[in-house]
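Take a look at the model below. We will walk through its pocket and then some of its charged pairs.

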Amino acid sequence: MAMSLGDDTLLCNFPKCRAKLSGFAWVTACSHVFCDQHGSSEFTRSPAICPACSSALSGKLDIVRTELSPSEEYKAMVLAGLRPDIVLDISSRALAFWSYQVHQERMYQEYSISRADAQLKQMEKILTQQNQTRELELNAMRGEITSLKKVMEEYKRKYSEVSERLMERNRQYQKLQGLYDSLRLRNIVVGVGDRDMAPQPGHQDFNTAMARQATPQRSPQFLPLGPNADSRFFSCLEADGAKTFFQFSSPAREKGRPSIVKH
């Protein structure tokens, strides 16, 4: 609570009170004033100690309980009969007490303002650090989002390629399936026609046997002509096959046979 010279209200100087004073108050010789509640609790002990400045108050008039709003009769009689210099001295001391209270309040307010400024600066510093941290985190998240978008685009591209390949394979499969169906249908039709045109079993066996008899077992292999062409002409023929066409006798057999003499 602020107080100025134009303000006619004093504040309790107890550190944790600072309430506006009214009714009765406790005034000390060290120029401090306290509310009736804290004055009664603090100054009933002996020796009395000022709660504001820790000064010892051992004198008879070091602590006075006074009425802040005295009656008109009290104001008319309290200074009556005193010399003017005494009245002026009392008034100057009362004004000095009031000036000290105003100065003390101003110092307290300045201290409160400086402490509030320090707290404000500390909070601003913390806020700045938090903002910088949040900005770094935001930039990191933006970079992560950008990288994730690139990955997503890559996956989209791959998905598109795979989809196109799949569609192409499906088209090829449909084409091959149609070709296979047409070939199978044609084979079915050809099989039915061959079955209708097939010969009787007896005739088929006879024709087969005749074809086997008419077909030679092995065709002779002719060699190129040369100086020994006569001796190699029939060398490719098998022994059994050659004997069916020619019968050659060896010199030994001819010597063993009897000679026939023509007469």
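Which helix gives the largest share of the lining of the largest pocket? H3 does, with seven residues. This is a predicted model: local features need pLDDT of at least 70, side-chain atom pairs count only at pLDDT 80 or more, and totals for chains, interfaces and linings use all residues. Residues are numbered from 1 along each chain as its sequence is written, and side-chain values use heavy atoms, leaving out hydrogens and water.

Helix H3 spans 84-196. Helices are DSSP runs of H or I, at least four residues, and strands are runs of E, at least two, numbered from the N terminus. Strand S1 (24-28), strand S5 (63-67) and helix H2 (72-77) also each supply at least two lining residues.

Now the salt bridges. A salt bridge is a side-chain nitrogen of Lys or Arg within 4 Å of a carboxyl oxygen of Asp or Glu. The whole structure has nine. One of them joins glutamate 105 to arginine 18, with the closest N and O atoms 2.5 Å apart. This pair links distant parts of the chain, 87 residues apart: glutamate 105 is in helix H3, arginine 18 in the segment before S1.

Are these two buried or exposed? Glutamate 105 is buried, at 5% relative accessible area. Arginine 18 is buried too, at 15%. Buried means under 20% relative accessible area, exposed over 50%, and partly exposed in between (1.4 Å probe, protein chains only).

Lysine 75 is partly exposed at 46%, while glutamate 72 is exposed at 56%.
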